[in-house]
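Reader: Could you walk me through the labels used for this model? I would like to set each one against its definition.

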Amino acid sequence: MGYDNQKEIVKKTLWEQITDTLRENIIHGKIAPGERIVEEELALQYNVSRGPVREALRRIEEEGLVTYESRKGCRVKTISYKEMWENYLVRSTLEVLAVKILAGNLPEEYEAEMKKCLCAMEEAAKEKDLYKIILQDEAFHTCIIKAARCDTLYKVWATLRSGNIQAYYTMNVKQAVPFDVLRENHEVILTALKERPVDEVAKLIEYHYMVVPEEFLHRTQSNGDNESGR
């Protein structure tokens, strides 16, 4: 029978559906950084019991998107300039380490996967879909880490994932993301991995990451100046 093109059917539980909705709403700014999320209100909004909502909140807390406060419930977690700077410093350092391990030998399967990420990223950029952009950005950089085939490196890398997502929504990134050159900014890294010396690739990756907290600091200071001038 002709099942070659049949897509896998994935059934999600109620709490998983609520988790996906909350995650996307946070990333798209529909639930603002620092905003309180009330379990009872969500249960009424989705017309469900509080059990699935509680499980969904627990899951996104584990992902680092919300923080729980005793007797106050959950709030969307924000990230400071210092936290963002530290997170991206460590991420870039780990990625550079992976590049050094690879020593210019990027396996074909990871190169192919990174090219798929670029195509998906470009489509997401056209749609200005931040959620899809974050997924593809994370997948692209994770390919470099996985290609190094160092389990400890990957485990440490995975712990920093939430900081990357927090940076996106804390910056109100829809105003800051260079949608028109998003693919190009990542494609240059892939090209460098195949064609340029390791030390040049390292500098490229370091800049790719560390320009983000500096942009955040600039935007924060500019907003502060604007507010003080009112």
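Reader: What makes the crossing of α4 and α7 left-handed or right-handed?

Author: α4 passes α7 in a left-handed crossing, meaning that the near helix is turned anticlockwise from the far one by less than a right angle. The model is predicted, with local features needing pLDDT of at least 70 and side-chain atom pairs counting only at pLDDT 80 or more, while totals for chains, interfaces and linings use all residues. Residues are numbered from 1 along each chain, and side-chain values use heavy atoms, leaving out hydrogens and water.

Reader: Which residues of α4 and α7 meet?

Author: R91, L94, E95, L97, A98 and I101 in α4 meet L153, V156 and W157 in α7, where contact means heavy atoms within 4.5 Å. This contact has 7 nonpolar residues, 2 charged and no polar; Ala, Val, Leu, Ile and Trp are among those counted as nonpolar, and Glu and Arg among the charged.

Reader: How do you know that β2 pairs with β3?

Author: Pairing takes at least two bridges found by DSSP, and 4 bridges join β2 (residues 66–69) to β3, running antiparallel. One of the partners is T67, bridged to R75 in β3. The two strands form a hairpin with 3 residues between them, and R71 in the turn has a positive phi of about 70°.

Reader: What about β1 and β3?

Author: β1 (residues 36–37) and β3 (residues 73–76) pair in the antiparallel sense over 2 bridges, which meets the requirement of at least two. Here R36 stands opposite R75 in β3.
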